[in-house]
Every structure is written in C-alpha cells, then in structure tokens.
Amino acid sequence: MPKFCKKCGYVLGFFIVLYGLFLFGLYLYQDRLLFHPAPRQVEGLLTEMPDLKEVYYSFPNGDRVYAWYKAPQNNKPTLVYFHGNVLFAEYHAFRLKPLYDAGFGLLIPEYRGFGDLKGTPSQSSMEEDALTAVKYLLSTGTTANKIIVYGHSLGTYAAVFAAANQEKPLGGVVLEAPFLSIEKLAEERYQPFVPVALLLKNKYPSEKYIDKINTRLFLAHGKRDKTIPYHHGWTLYEKAQDPKLFYASDKAGHSDLPDFGFMKALTDWLNE
C-alpha cells in the first residue's frame with residue numbers, strides 16, 4: 001500500500017507540474033492567443049473601393065501608422081472603423097462597402113503589430129491606436145460631431161474606449177458583436193479549469209467605459225454568435241446611456257450580421 005501511495009504521489013506531482021507549466025504558458029503567450037495578425041496583402045482587396053487612399057500619421061513617440069481614408073460626401077459623417085483580432089485592415093474593409101457606396105466618409109486604421117506595422121498588440125497599444133486615429137481625423141478639420149467610431153468584435157473595445165475619452169462628444173458609436181470584457185468571456189469558457197482573474201494581463205473592459213459614452217449608440221448582435229455570446233451585447237446595451245438602439249438578428253452569427261439587414265439598419269440610423 002505505501003508503494004502504491006508513493007506512485008500516486010509521483011503521478012499527482014507530475015500533473016501538478018504539468019498544469020503549472022500550462023498556466024505559465026497561458027500567462028506568457030495570452031496576447032498571441034488573442035491576436036492573429038498577418039502581413040497585409042492589398043492587391044485585389046480594395047478594387048471596388050478605389051476612393052480609399054492610404055494616409056499616414058504619427059503616434060506621440062514619433063512612430064508612423066497608416067490607415068485607409070475616404071472623404072465623406074454631402075456633409076455626411078466619417079466612420080472610424082476598428083477591425084477585429086485577425087489578419088489586417090484591408091481584409092476587413094470589404095465589410096464597409098455599403099457605407100462607402102452610400103457616401104459616408106471612412107477611416108480604417110491599422111493596429112500596431114498588424115499588417116506592415118511593427119509592435120506587439122495589447123490593450124494599451126489598442127487604446128493608443130484608437131485615440132490617435134480619432135485625433136488624426138480631428139486634425140484634418142473634421143469636427144467631433146461628424147465622427148462615428150465603429151468597432152467589430154475585439155475592435156468594439158477600441159471604439160468604446162475612444163468615445164469615452166474625448167473632450168467633446170463624438171457623433172455616435174457603433175458596436176457590432178461587442179463583449180463585456182475579455183475577462184468575462186474567458187471566465188465563461190475556461191473556469192473552473194483556469195484561474196482567469198489571476199492570469200489575465202489585459203482585460204479589455206468595455207463594460208467599464210460603456211456608461212461614459214455621452215453620444216448616441218447603435219449596438220448590434222447576432223443570436224447565433226458562438227464567438228461572443230449574445231448576452232454580452234444586450235448587457236452592454238442595458239448599461240449604456242440614452243439615446244441608444246439595439247439591433248438583433250435571430251439568424252446571424254459573429255461576422256455575418258451584414259447579411260441579415262444590419263447594414264441597412266445602420267445606414268438608416270446614420271442618416272437620421
């Protein structure tokens with residue numbers, strides 16, 4: 001019996017060490033697990049939106065960043081679009097074709113660590129990326145009330161943070177498939193097997209800033225979203241100040257809301 005208990009102790013110790021190494025790896029590489037950037041491939045992606053032109057501006061430390069820009073028509077607002085956690089900005093631009101065709105201005109900034117930009121993406125870098133993009137648009141003479149920040153998926157945090165940290169209210173905020181926080185998402189998926197609160201370095205707490213947005217809000221979520229559950233969007237909506245509008249689709253998942261009437265509803269809201 002003692003020999004058996006001793007062997008059990010060795011086996012238990014082995015699994016404890018293995019689990020510890022697993023948690024240590026999660027802690028070290030959590031941003032790499034969240035972000036999936038790729039070098040940009042522009043050719044062929046923007047042929048249907050020829051008025052999008054590359055623009056450059058700088059961060060406070062002097063590093064340059066690029067974005068894709070199209071001026072608005074007929075005094076319409078300009079949307080600053082923050083994409084999700086994969087690939088590069090040009091890949092996501094096609095989702096905005098209906099807004100492009102409708103004459104709205106567009107600014108599609110890239111994140112550091114994505115496309116051709118050096119750096120490592122993180123919560124703090126995303127926050128600075130978002131604020132710098134809005135600051136650039138303001139520097140062109142666009143007034144705050146003519147700027148709409150629009151985020152999809154992880155980019156919704158950038159939109160929420162940017163809108164909540166402006167001296168003057170922006171013209172609006174659009175959140176497509178948003179989340180309460182990465183911490184809440186991870187807890188729902190991995191607890192009790194992973195102590196999320198102890199390991200997570202960057203929490204992307206949209207719920208912390210949502211009630212600080214002092215402009216109109218358009219929030220949309222698909223009820224079949226398996227990446228970010230529907231209740232995240234609805235709870236954020238409940239926490240937000242008025243005026244606000246919620247668009248739900250019984251059929252849409254995480255990235256296909258435009259296929260189920262979302263862009264038409266968004267265009268109508270922008271034209272109000």
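1. Setting aside residues up to four places away in sequence, His-221 touches Ala-177, Pro-178, Ile-228, Pro-229, Tyr-230, Gly-233, Phe-246, Tyr-247, Ala-248, Ser-249 and Leu-257. The residue belongs to strand β9, and with a relative accessibility of 0% it counts as buried. Keep in mind that this is a predicted model.

2. The overall make-up, for orientation: the protein has ten helices and ten strands. Of its 272 residues, 51% are buried. If you take the contacts between residues at least 6 apart in sequence, 75% of them join residues at least 24 apart.

3. Now the sheet. Eight strands make up an open sheet with mixed pairing, and their order is β2-β3-β6-β4-β7-β8-β9-β10. At the edges sit β2 (53–58) and β10 (244–249), each pairing on one side only. From one strand to the next, the twist averages 20°.

4. Helix α4 (residues 123–139) packs on that sheet, with contacts to β2, β3 (64–70), β4, β6 (105–109) and β7. Its direction makes about 110° with that of β2.

5. For a closer look at one pairing, take β4 (residues 78–82) and β7 (residues 147–152): they pair in the parallel sense over five bridges. Within this pair, Leu-79 stands opposite Ile-148 in β7.

6. Thr-78 is also in strand β4. Is it buried or exposed? Thr-78 is buried, because its relative accessible area is 1%, and the cut-off for buried is under 20%. Beyond residues up to four places away in sequence, Thr-78 touches Tyr-69, Pro-72, Gly-105, Leu-106, Leu-107, Leu-137, Lys-146, Ile-147 and Ile-148.

7. Tyr-157 is another one to click on. Tyr-157 sits in helix α5 (residues 155–164) and counts as buried, at 0% relative accessibility. Apart from neighbours within four places in sequence, Tyr-157 is in contact with Gln-123, Met-126, Glu-127, Phe-179, Tyr-204, Pro-205, Ser-206 and Tyr-209. If you want a distance to check, Tyr-157 and Ile-182 are 9.7 Å apart in space, C-alpha to C-alpha, and 25 residues apart in sequence.

8. Then there is helix α10 (residues 262–271). Seven of its ten residues are buried, so the helix is largely enclosed by the rest of the structure. Those buried residues are Phe-262, Met-263, Ala-265, Leu-266, Thr-267, Trp-269 and Leu-270. Which elements cover them? The cover includes β4, α3 (97–101), β7, β8 (172–176), β9 and β10.

9. Last, a pocket. The second largest pocket holds about 160 Å³ of space. Its lining consists of His-36, Gly-84, Asn-85, Val-86, Tyr-91, His-92, Phe-94, Arg-95, His-152, Ser-153, His-254 and Ser-255. Sorted by class, that gives three nonpolar, eight polar and one charged residues.

How values were computed. Residues numbered from 1 in each chain as written. Predicted model: local features only at pLDDT ≥ 70, side-chain atom pairs only at ≥ 80, totals over all residues. Heavy atoms only, no water. Pairing = 2+ DSSP bridges. Helix = DSSP H or I, 4+ residues; strand = E, 2+ residues; numbered from the N terminus. Axes fitted to C-alpha atoms, helices over the stretch in contact; angles between N-to-C directions. Contact = heavy atoms within 4.5 Å. 1 Å grid on protein atoms, 1.4 Å probe; cavity = no way out; pocket = protein on both sides within 12 Å on 5 of 7 lines; lining within 4 Å. Points joined across faces, edges and corners; volume = space filled by probe spheres on them. Nonpolar A, V, L, I, M, F, W, Y, C, P; charged D, E, K, R; others polar. Buried < 20%, exposed > 50% of the residue type's maximum accessible area, 1.4 Å probe, protein only.
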